[in-house]
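Please keep the sequence and the model in view while reading.

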Amino acid sequence: MPEQSWRAHEAAEVPGTKVFLAGAALLGLMVFTLGLVAFLFNFVGQPIEQTLPRPMRPAGPALQVDPVADLQAYRAREGKRLNDAAAMPIDEAMKTVAARPDPYAPLLRPRSEETP
């Protein structure tokens, strides 16, 4: 018995007509897509200004007349509010912490105030 080859045999040449037709179909699809996009942009699309509603404008400008004075008044108001809310004014607390030998040490209660 003659030996059979179990390998499939492939043709050495690729049919040129099939490659040409696939390339032509791809090129035609690209040209059609670009033409469709150009048509939609030029003839169907409207400028964005015409499609969006116009925003309502406020009656007048809401600008600060004196921004430096406004900032100073804001800082004074917030500083007073912060000092009134604290048990000790911040300036006094800063002086107390700065007077300690190690200002970065944790604040511990004295032993007499600790509960067993």
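A residue is called buried when its relative accessible area is under 20%, exposed when that area is over 50%, and partly exposed in between. The model discussed here is predicted, and the protein chain has a mean pLDDT of 79, with 72% of the residues scoring at least 70.

**Fold and surface**

- The secondary structure of the protein chain consists of 4 helices and 0 strands, and reading along the sequence gives the pattern α-α-α-α.
- The protein chain has an accessible surface of about 12200 Å², and carbon and sulfur atoms contribute 64% of that surface.

**Confidence along the chain**

- Confidence in the protein chain is highest in helix H1, where the mean is 91, and lowest in helix H2, which covers residues 48-51 and has a mean of 64.

**Helix H1**

- Helix H1 runs over residues 16-44, and because the number of buried residues among its 29 is 0, the helix lies largely in the open.
- At 1.5 Å a residue, the 29 residues of H1 should span 42 Å, and the distance of 41 Å between its end C-alpha atoms agrees with that expectation.

**Nonpolar surface patch**

- Leu 29, Phe 32, Leu 36, Phe 39, Leu 40, Phe 43 and Val 44 together make a nonpolar surface patch of about 750 Å².
- Leu 29, one of the residues of this patch, is found in helix H1 and counts as exposed because its relative accessibility is 52%, which is to be read against the cut-off of over 50%.

**Salt bridge in helix H3**

- The structure holds 1 salt bridge, which Arg 81 forms with Glu 78, and the closest N and O atoms of this pair are 3.0 Å apart.
- Arg 81 and Glu 78 both belong to helix H3, which covers residues 67-85, and because they are 3 residues apart in that helix, about one helical turn separates them.
- The two partners fall into separate accessibility classes: Arg 81 is exposed, with a relative accessible area of 57%, whereas Glu 78, at 24% relative accessibility, counts as partly exposed.

How values were computed: Residues are numbered from 1 along each chain as its sequence is written. This is a predicted model: local features need pLDDT of at least 70, side-chain atom pairs count only at pLDDT 80 or more; totals for chains, interfaces and linings use all residues. Side-chain values use heavy atoms; hydrogens and water are left out. Patches are made of residues with over 30% relative accessible area and no salt bridge: like charges are joined within 9 Å, nonpolar side chains (Val, Leu, Ile, Met, Phe, Trp, Tyr) within 5 Å. Accessible areas come from the Shrake-Rupley method with a 1.4 Å probe; for residues, only the protein chains shown count as cover. A salt bridge is a side-chain nitrogen of Lys or Arg within 4 Å of a carboxyl oxygen of Asp or Glu. Helices (H or I, at least four residues) and strands (E, at least two) are DSSP runs, numbered from the N terminus. Buried means under 20% relative accessible area, exposed over 50%, partly exposed in between (1.4 Å probe, protein chains only). The expected span of a helix is 1.5 Å times one less than its number of residues. pLDDT is the predictor's confidence in each residue, from 0 to 100.
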